[in-house]
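The structure is placed here for reference.

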Amino acid sequence: MGANFSALFNQDGLSSVSSSSPSLGDLPESCVASIIGYLDPPEICKLAKLNRAFRGASWADFVWESKLPPNYQLLVDKIFGFVPEKLGKRDIYTRLCRANTFDGGADKKVWLDKSTGGVCLSISAKGLRITGIDDRRYWNHIPTEESRFSSIAYLQQIWWFEVEGEVEFPFPAGTYSVFFRLQLGRASKRFGRRVCNSEHIHGWDIKPVRFQLWTSDGQYATSQCTLSEPGNWFYYHVGDFKVDNSNSLSTKIKVSMTQIDCTHTKGGLCLDSMVIFPSKFRERLKHKGFLKCV
């Protein structure tokens, strides 16, 4: 057995079998890059760990340019202002996948979905116009670990419920859905466990909340929904809009959420943010049970 084992190696200690047998490492980087270009970004990054050929191919600019939005240069200018010329397309993709702030403040964040390259955008409660927000008898900003902005707006009680949001952004061509992320009740931790205080929840079952959406090119959508199921965060669907031209400098979006029937008060609501996702993400939210008003 020892003689047979020794026969597999030459005098330099290298395997004569492995030197004559082709392997994945023998593929040219250009060939590997052409193959992995058909994969999703997370799969490309996993394959980069296989060997040197796959690692080198995973950095090819033409592979990552196909994953970036068609108007990625407009996105880069909007978010970063400029990017060093020598920065590769994979680095640009990585930077765009982070939750980047824009428009000079921390209340607006935009990122690419890591798997699809779809543009996602969110505006915090502090970046929205909320009727009565400066009066602590009605609203309070409270810290939380359940928001990407680290705080939410909590409504104790109000007669006139009105929230408006507005953003202008160079969205790539596609169809997008707008949501408000809301929760009835105020969550906290007690002895390490999440509990929800429903003490102030009232008024939402009497009449539905009205959602509206307008775009700078004349699109309009509206929906109504009764807020329900305390203790959980839900994405309440406002409406959809379409962007036909990726080379358009920007699309202006305005949304509102109102319940202004002054015959009764309403309260006990947490408002996290307004969110814009590619419309195909609605299935993800629906599958996870997070979607409302569809």
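This is a predicted model: local features need pLDDT of at least 70, side-chain atom pairs count only at pLDDT 80 or more; totals for chains, interfaces and linings use all residues.

Residues are numbered from 1 along each chain as its sequence is written, and side-chain values use heavy atoms, with hydrogens and water left out.

**Chain.** I looked up the secondary structure and found nine helices and 16 strands; these are DSSP runs (helices H or I, at least four residues; strands E, at least two), numbered from the N terminus. Of the 294 residues, 44% count as buried, that is, under 20% relative accessible area with a 1.4 Å probe, protein chains only.

**Disulfide.** I searched for cysteine sulfur atoms within 2.5 Å, the criterion for a disulfide, and the count is one. The sulfur atoms of C225 and C293 lie 2.1 Å apart. The angle about their S-S bond is -115 degrees, and the link is left-handed. C225 belongs to strand 12 (residues 220–225) and C293 to the segment after strand 16 (291–292), so the bond ties together parts 68 residues apart in sequence. I found both C225 and C293 buried.

C97 is in no disulfide, as the nearest cysteine sulfur, that of C45, is 9.1 Å away. C97 is buried, at a relative accessible area of 12%. For C120, the closest cysteine sulfur is in C97 at 9.4 Å, which is too far for a bond. I recorded C120 as buried too, with 2% relative accessibility.

Key
Buried means under 20% relative accessible area, exposed over 50%, partly exposed in between (1.4 Å probe, protein chains only).
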